[in-house]
Amino acid sequence: MARLTDSYMEDSLAVLRQYKKLAEGAMAQVTDDQLFVALDPESNSIAIIVKHMVGNMRSRWTDFLTTDGEKPDRHRDTEFEAPPATREALMALWQSGWDLVFGTLEPLSDADLTSRVTIRGEAHSVMQAINRQIAHYACHVGQIILLAKHFQHAQWRSLSIPRGKSEEFNRR
């Protein structure tokens, strides 16, 4: 259940934690092999999506307030090649990205929201930069969930309110 807050930072951290939890719930339902399956040559596997998200996290959140969010050593195109070879390595990479996100954002307060940062040379307020990343992560978490649900078919366990259970949920 959502906690009532008027703190942008508190709410943003809660939203990010929820997206992380949803993706982890989806990834937990697929087999190790399914983490690495792309539906077609132009699609990304769950593992590639994770690798890309972590590359983005490292670039955006390292020295967030003092350096451009697109680091010169990022090499974004390589994020779509050669993911970690095992579930364990993939999940360790995933956790390292989120550790960076939360380690950077948790010390910030709502007073920091109007500070200026840059991403690819473009000025953003801290709030705009956070919003940009929340939207980006939501997109990719949705892709992870869609792939996991596709692979699991009838065995899929809903991560929210199961189909046909809305009224039951609302009664509680």
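Visitor: Which residues is Trp-98 in contact with, leaving aside its neighbours within four places in sequence?
Guide: Trp-98 is in contact with Leu-16, Lys-20, Met-53, Met-57 and Tyr-137, where contact means heavy atoms within 4.5 Å. This is a predicted model, in which local features need pLDDT of at least 70 and side-chain atom pairs count only at pLDDT 80 or more, while totals for chains, interfaces and linings use all residues. Residues are numbered from 1 along each chain as its sequence is written, and side-chain values use heavy atoms, with hydrogens and water left out.

Visitor: Which residues touch the most other members of the largest nonpolar core?
Guide: Trp-98 is one of them, along with Ile-46, Met-53, Val-101, Leu-105, Ile-130 and Ile-144, in a core of 40 residues. A nonpolar core is a set of buried Ala, Val, Leu, Ile, Met, Phe, Trp, Tyr and Cys residues joined through side-chain atoms within 4.5 Å. Buried means under 20% relative accessible area, exposed over 50%, and partly exposed in between, with a 1.4 Å probe and protein chains only.

Visitor: Which elements each supply at least two residues of this core?
Guide: α1 (8–29), α2 (46–61), α3 (87–105), β1 (116–119) and α4 (126–152) do. The largest share, 10 residues, comes from α4. Helices (H or I, at least four residues) and strands (E, at least two) are DSSP runs, numbered from the N terminus.

Visitor: At what angle do α1 and α3 pack?
Guide: About 175°, with their axes 11 Å apart. Axes are lines fitted to C-alpha atoms, for helices over the stretch in contact, and angles run from 0 to 180 degrees between N-to-C directions. That angle makes α1 roughly antiparallel to α3, a label for angles over 145 degrees; under 35 is roughly parallel, 65 to 115 roughly perpendicular and the rest oblique.

Visitor: How many residues of each class are in that contact?
Guide: The contact of α1 with α3 has 12 nonpolar, 1 polar and 4 charged residues. Ala, Val, Leu, Ile, Met, Phe, Trp, Tyr, Cys and Pro count as nonpolar, Asp, Glu, Lys and Arg as charged, and the others, Gly among them, as polar.

Visitor: New topic. Is Gln-133 buried or exposed?
Guide: Gln-133 counts as buried, at 3% relative accessibility. Gln-133 is found in helix α4 and touches Asn-56, Arg-60 and Trp-61, not counting residues up to four places away in sequence.

Visitor: How many residues of α2 are buried?
Guide: 14 of the 16, so α2 is largely enclosed by the rest of the structure.

Visitor: And how far does α4 reach from its first C-alpha to its last?
Guide: α4 has 27 residues and reaches 39 Å, close to the 39 Å expected at 1.5 Å a residue. The expected span is 1.5 Å times one less than the number of residues.

Visitor: Which residue follows α4, and what is its phi?
Guide: His-153, with a positive phi near 50°. Just after α2, Asp-63 also takes a positive phi of about 50°. Most residues other than glycine have a negative phi.

Visitor: Where does Leu-65 lie?
Guide: In the loop between α2 and α3. Leu-65 counts as partly exposed, at 42% relative accessibility. Leu-65 and Asp-112 are 47 residues apart in sequence and 9.6 Å apart in space, C-alpha to C-alpha.
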